[in-house]
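Here are my notes on the model you sent over. Have the structure open while you read, and go through the points in order.

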Amino acid sequence: MPADAAESALSVSSVFPQLEALLPHVQKPIQYVGGELNSTVKPWEDCDVRWALMYPDAYEVGLPNQGVMILYEVLNEQRGVLAERTYSVWPDLEALMREHDVPQFTVDSHRPVRAFDLFGLSFSTELGYTNMLTALDLAGIPLEARDRGLDDPVVVAGGHAAFNPEPIADFIDCAVLGDGEQAVLEITAVVRAWKAEGRPGGREELLLRLARTGGVYVPGFYDVEYLPDGRIARVVPNRSGVPWRVSKHTVMDLDEWPYPKQPLVPLAETVHERMSVEIFRGCTRGCRFCQAGMITRPVRERSITGIGEMVDKGLKATGFEEVGLLSLSSADHSEIGEIAKGLADRYEDDKIGLSLPSTRVDAFNIDLADELTRNGRRSGLTFAPEGGSERIRKVINKMVSEDDLIRTVATAYGNGWRQVKLYFMCGLPTETDDDVLQIADMATRVIQKGREVSGSGDIRCTVSIGGFVPKPHTPFQWAPQLSAEQTDARLQKLRDKIRGDKKYGRSIGFRYHDGKPGIVEGLLSRGDRRIGAVIRAVYDDGGRFDGWREHFSYDRWMSCADKALETFGLDVDWYTTRERGYEEVLPWDHLDSGLDKEWLWEDWQDALDETEVEDCRWTPCFDCGVCPAMDTAIQIGPTGRKLLPLTVTGQGDG
Amino acid sequence: MQRIRLRYTKRGRLRFTSHRDFQRAFERALRRAEVPMAYSAGFTPHPKVSYANAAPTGTGSEAEYLEIALTEARDPETLRRLLDTSLPAGLDIVDAVEARTSGLADRLTASVWELRLDGVDPAEAEHAAAAFTAAGGVEVQRRTKSGLRTFDARAAVVSLRTGPTDPPPADRPTDRPCAILRLVVRHVTPAVRPDDVLSGLRAVADLAPPVPAAVTRLAQGLLDEETGAVTDPLAPDREAAAPEPPSAPAAAAAAKAPA
């Protein structure tokens, strides 16, 4: 293909010539030039609604993001609509862009972000908030929504963090909760109509029209009133026609939305280089710490044949050599065995590997593991018991027994695996030192059993630990977060116990950094609008890329928070380590994830009583509230269908 | 087993592709195009691809070469078209021949580079090139992984003269001067890169372009010591394939290659 075609498609508004002069001076310039396989450039003039989509992190992390990739394709398939992508630029390029007045640009056509109608950001994590401010500022868009004019894009937040967008309420124009596929089309229609009418009533009218759909949250249309002690008194709409509560969006039939059909294939190296297919959405296992599992209910499976078709087309379109079967707990798909076997059979000659990023111990079996590694490498297995003691696993409702785990890893070691990774959390509600120290006992039993069944001393078990952060819309939304100091102290004891084990300690790896980033994440995830001042102060002080250890500064966050929160008579502890009560109005109560707050509270009480809850896929409904509130239902198989071998494989036409 | 030699480009914005990036993209293109690749033996088999002499990241190229090994014979031109459509625009496969001779790498002894110096007066560039050529040796420095290294940039240069000034690309300002230099340089160890020659021009004549030079490799091949020209390295394979005449598109692509 001639390069001229791509080059001439750049419209006059492209900033590429200015950017190009800077690229020889920055690291990995390829991440800023676009031109990826399967990327789309549409003529600017032919479209009346234009979206800039951002994953507010570095290109290498942002490009493989499924959410952005799906919306990019869904929007670009529409006549008269275009979507281009933009990512966070590293500080080396940011400095040069400021020096040479180059604005935040899209990688597809290098158009300035400010020229678009909508600027959509997908937040998987709260640690992208400062990067949003960098992008807005580089784009020349006022940081605060109230300062924006008619020609500034409407800034839309989405992704899991958007279920509590209050900390960024000052900076966004609106937020969308839940699945984006249909929501972006609804927003597009509203913007198109408003533009066609000559933009009546300006920006305010457009936002009002969006808010009135009931599916778009416009923070500016709600006032927050506070009690003298700092808690929220109430959140009230300040315009007529604006709903009291805003609902999440749910796509019901995944087979009708087989996106991405043509996944982007980057030239630069990225964190995931594979053809990813989401095999189901939602999870009802009911782990109480898991925000993703709570806010994405109900479970909706993609059918085995739908998955087969997406893999087939996706591999042809990309040339990837690995297929990732994504979901919150992939082994729980009702036909996972058939899917894995069918795909492994089909791609045996093409050396295509399969991966299942999230696997539960109790859903795992060795046949499945064999299929997964048949065409690829047999490297390591990862399981997440999450809690070290049986007691704490009851508290978090992760119903995996230690015997289950030992049985599973025994099979794995017996079948040739050499490495098992176990993931745990520290700082869970009601947790004591003893709960955490039992992690060492579990790892010891794993190694003991592993040596026994493999007849080899050459096996390993890695214990990887993350600090628990309470999240909105979960039963633990009321829970106190463990302080960074207490978390670090507890884990030091665990480390000492593992290291002190002469017989097994050398076979057990231990991975943990420190509790500080978790406190900042906790501050942001359960924060209210007053946290906006903290984010702004951190950004002004140079805070960027908070998800990156080498850029994150705990001290900066704490000193900015101390200063900004003093005005309100509050501090970081108030937001993080404080337990909330039943009566308290939570900052996200007016945002409807479908979960009944009463049910969440009961589940929180059950957690404290160490009472478990079953999965509603296999047992009767336990009234979490989602299905009736959202008019949805569980959609699972089995369909009984099989994946047939493709008629033509591995045949070139030369 | 059939071996096919390909010439490919790094054009426009995709010149920022690093060699590692290109390798990944090319191996994916092989999969998409369902090329019957031969694989290396071993625990993690890799498709058999040999790359020669890749241009540095950030420099464009019209003449990069690689060789692939196939388990089943394919028509080179059909394969070229298939691979070309499987790669992003800018990474273009422009020529393909079946390997009938040995030692492609041995035939890549020199390169022709075009250096576009935006904002530099052609007369000034001509003066600098003359000063560089007249010098017996031009000492330059380059930062390498092991520190700052000093070496001679003159000896490897076969010729350096001002080239024809084409109309500038549409997306560039036209109101300022632009000088074009054409450089023929031998492949020696340690390599002398266009960047080193630019450092040399600064050293001998204080030539300092206001924006980074746009550097493009125009050709690579065997240096004809008498004429100073660089010849097409795939020509011997084409000749060995006679009496069958080369297919038309391949000939056209080869004719385009400036030597």
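**Notes on the predicted model**

1. Let's start with a strand pair in chain A. Strand β15 (residues 419-426) and strand β16 (residues 460-467) of chain A run parallel and are joined by eight bridges. If you want a spot to check by eye, go to A:C426, whose bridge partner in β16(A) is A:G467. Bear in mind that this is a predicted model.

2. Zoom out and that pair belongs to an open sheet of four strands, ordered β14-β15-β16-β17 in chain A, with parallel pairing. At its edges sit β14 (381-386) and β17 (508-511) of chain A, each of which pairs on one side only. Ignoring direction, neighbouring strands of this sheet are turned by 20 degrees against each other on average.

3. Now for another sheet in chain A. Five strands make up this open sheet, and the order is β2-β1-β3-β4-β5, again with parallel pairing. Its edge strands are β2 (81-88) and β5 (174-175) of chain A, and each has a pairing on one side only.

4. Inside that sheet, have a look at β3 (residues 118-122) and β4 (residues 154-158) of chain A, which pair in the parallel sense over five bridges. A handy landmark is A:F119, which stands opposite A:V155 in β4(A).

5. What packs on this sheet? Helix α7 (residues 180-196) of chain A does, touching β1, β2, β3 and β4 of chain A, and its direction makes about 135 degrees with that of β1(A). Helix α6 (residues 129-139) of chain A lies across β1 (49-58), β2 and β3 of chain A, running at about 130 degrees to β1(A).

6. Helix α4 (residues 66-76) of chain A deserves a look too. Its buried residues are A:V68, A:M69, A:I70, A:L71, A:Y72, A:V74 and A:L75. Which elements cover them? The cover includes β1, α3 (59-62), β2, β3 and α7 of chain A.

7. Is A:L326 partly exposed or buried, and why? It counts as partly exposed because it has 19 C-beta neighbours inside 10 Å, while buried would take 20 or more. Setting aside neighbours within four places in sequence, A:L326 is in contact with A:S276, A:V277, A:E278, A:I279 and A:P357. As for A:P357, it is 31 residues from A:L326 in sequence, yet the two are 6.5 Å apart in space, C-alpha to C-alpha.

Note on methods
Residues numbered from 1 in each chain as written. Chains lettered and ligands numbered in written order. Predicted model: local features only at pLDDT ≥ 70, side-chain atom pairs only at ≥ 80, totals over all residues. Pairing = 2+ DSSP bridges. Helix = DSSP H or I, 4+ residues; strand = E, 2+ residues; numbered from the N terminus. Contact = placed C-beta atoms within 7 Å. Axes fitted to C-alpha atoms, helices over the stretch in contact; angles between N-to-C directions. Buried ≥ 20, exposed ≤ 12 C-beta atoms within 10 Å, placed from the backbone.
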